[in-house]
Amino acid sequence: MNLDNILSITGKPGLYQLKSKAKSGFVVESLLDNKTSIVGISHNVSVLKDISIYTYSQEMPLKEVFKKIATKESNGPAINHKGSKKELESYFNEVLPDYDEDRVYASDIKKVLQWYNLLQSNDMLGSLEEE
């Protein structure tokens, strides 16, 4: 497993694993409840592999951010994404000290931490090292 087949779908909670392509969209499985569904072409779908976080020097791929969180937490769960804005920003600053505070919002940090914890709880982080 790698981030090539993990999707974020606008308007739907959590992350989804791409199972196959269908005529009218994609067949996906939710990482929250393991339910399979079809997502139409009209939905805004983002592949986690294509997402990056702004830093002052470059854009850092999400995979690298996940690796930094995993290192900090010894492959355990990160803090809860429902924490206060100040708490989330402080935590993210420890993980990625040079992230661009003007371009990375608290909502972005919440998503990254939620996604990390979801992947961690589904035991999918080990594959990041294999890629």
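Which residues in helix 1 meet which residues in helix 3? Let's start there. L62, V65, F66, I69 and A70 of helix 1 meet V112, L113, W115, Y116 and L119 of helix 3, where contact means heavy atoms within 4.5 Å. By class, these residues divide into ten nonpolar, no polar and no charged. Here Ala, Val, Leu, Ile, Met, Phe, Trp, Tyr, Cys and Pro count as nonpolar, Asp, Glu, Lys and Arg as charged, and the others, Gly among them, as polar.

Quick housekeeping. This is a predicted model, in which local features need pLDDT of at least 70 and side-chain atom pairs count only at pLDDT 80 or more, while totals for chains, interfaces and linings use all residues. Residues are numbered from 1 along each chain as its sequence is written, and side-chain values use heavy atoms, with hydrogens and water left out. Helices (H or I, at least four residues) and strands (E, at least two) are DSSP runs, numbered from the N terminus.

Back to the packing. Helix 1 and helix 3 have axes 11 Å apart, at an angle of about 70 degrees; the axes are lines fitted to C-alpha atoms over the stretch in contact, and angles run from 0 to 180 degrees between N-to-C directions. The two helices are therefore roughly perpendicular, a label that covers 65 to 115 degrees. Their crossing is right-handed, so the near helix is turned clockwise from the far one by less than a right angle.

Now helix 2, residues 85-95. Its axis comes within 10 Å of that of helix 3, residues 106-121, and they cross at roughly 65 degrees. That makes this pair roughly perpendicular too. The crossing of helix 2 and helix 3 is left-handed. K85, L88, E89, Y91 and F92 meet A106, I109, K110, V112 and L113, giving seven nonpolar, no polar and three charged residues.

On to the core. The largest nonpolar core has 30 residues, and L48, F66, I69, F92 and L119 have the most contacts inside it. A core here is a set of buried Ala, Val, Leu, Ile, Met, Phe, Trp, Tyr and Cys residues joined through side-chain atoms within 4.5 Å, with buried meaning under 20% relative accessible area (1.4 Å probe, protein chains only). Helix 3 gives the largest share of this core, seven residues. Leaving aside neighbours within four places in sequence, F92 touches I53, V65, Y99, V104, I109 and V112.

Last stop: L32, in the loop between strand 3 (25-30) and strand 4 (36-40). L32 and L118 are 86 residues apart in sequence, yet 7.5 Å apart in space, C-alpha to C-alpha.

Conventions. Angles under 35 degrees count as roughly parallel, over 145 as roughly antiparallel, 65 to 115 as roughly perpendicular and the rest as oblique. Buried means under 20% relative accessible area, exposed over 50%, partly exposed in between (1.4 Å probe, protein chains only).
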